[in-house]
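Good morning, and thank you for joining. Today I would like to discuss how the two parts of one protein chain meet.

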Amino acid sequence: MSDDAALFEQLRASDLEMATIGWRLASSNAPLCDVLEPGLGLQIHTLDQFAPQLRASARSHFKFSTAVAIEGVIPGGPAAQAGLRPDDSLVRIGPVDIAASAGKPGTTQRLVAVQLAVAKLPPAETLEIQAIRDGAPLTVTVRPIPACRSRFELELADDFSASADGSMVQVSSKLLDTYRGDRAVAAIAHEFSHNILHHRVRLEARGVTFGMLAGFGGNVKYFRQTEIQADILSIYLLANAGYDPKAAPDFWRDFGPKHAGSVFNSRSHPHWRDRIATLEAEIAKVQADPARPHVSKLIAERDQPLDGDWQSLLVRHR
Ligand SMILES: [Zn+2]
């Protein structure tokens, strides 16, 4: 295998790992979400997201015969069940004409445009997908599973980062590679919780400042409230998706003491020891809850303005 081929396969494995985590969280927690998409169990990529010097070898390695191809399918998911495979190139997904999608070369604009167009389709209606496999046209019928509408993105980066912007969850490859045993999944579930609870718009409605100033002044109580809420909801998301929720306190037990002083431990976030205590208290509640799926009371409150009351949510470390 050439160097490029080894790199491409490594990329594919990492992207599929992230897509599988996203799939499990988004499909099993659909009843907790107010905006859905047709879950296809499909990881796509585009030729133009590759750097110019890699594009020719990416085209041949991934057998791109259109601008958009299947990078991977979630085992047992709707796309796999319909017979779609990695390296099938895409022509059309339902009414979405892939050739009509556009984006600046060297960016993920086209990828995002296709993902957003597909996400807006009805979440449970059968879709016809037209593809090209080894030069020959192929049409399959896919039966989507409703899933929370969210993109999950793996950022190739040599630092620990995880973020959510309201419609997308992004985690760095270093975090995913370092925190095995589902501990990285716990960090992803935390970020996903911010989106499910509409934290971005609710913080904006409070007029807070994002970025470096997030930990100062009157903003602090709102950020803390959203951080603790995201920790609490993450336990429900993990349990519903069949992950062990203990991965969440396990993540903080390792990450917390090593990264004191980073953004994860700034004043906008509670102390990691208190976060562990809060997570563990919520795990006990969820384990005693006979309902399926588990639904946090935070779901019913997600359209209310943030009141900044983080104290009543936080369980203190003793
Ligand atoms: Zn957070």
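**The interface between the domains**

Between domain 1 and domain 2 there are 5 residue pairs in polar contact, both residues being at pLDDT 80 or more; a polar contact is a pair of N or O atoms within 3.5 Å, where one must be able to donate a hydrogen and the other to accept it, and residues adjacent in sequence count only if both atoms are side-chain atoms. On the side of domain 1 that touches domain 2, the elements giving two or more residues are α1 (3–28) and α4 (109–119), helices here being DSSP runs of H or I with at least four residues, numbered from the N terminus. The most comes from α1, with 12 residues.

This is a predicted model, in which local features need pLDDT of at least 70, side-chain atom pairs count only at pLDDT 80 or more, and totals for chains, interfaces and linings use all residues. Residues are numbered from 1 along each chain as its sequence is written, and side-chain values use heavy atoms, with hydrogens and water left out.

The count of salt bridges between the domains is 1. Glu-17 pairs with Arg-180, the closest N and O atoms being 2.7 Å apart; the criterion is a side-chain nitrogen of Lys or Arg within 4 Å of a carboxyl oxygen of Asp or Glu.

Turning to area, the two domains bury about 1,700 Å² between them, 70% of it on carbon and sulfur atoms. Buried area is the accessible area (1.4 Å probe) that two parts lose on being put together, summed over both. Met-18, Arg-24 and Leu-25 supply 36% of the area that domain 1 buries against domain 2, more than any other three residues.
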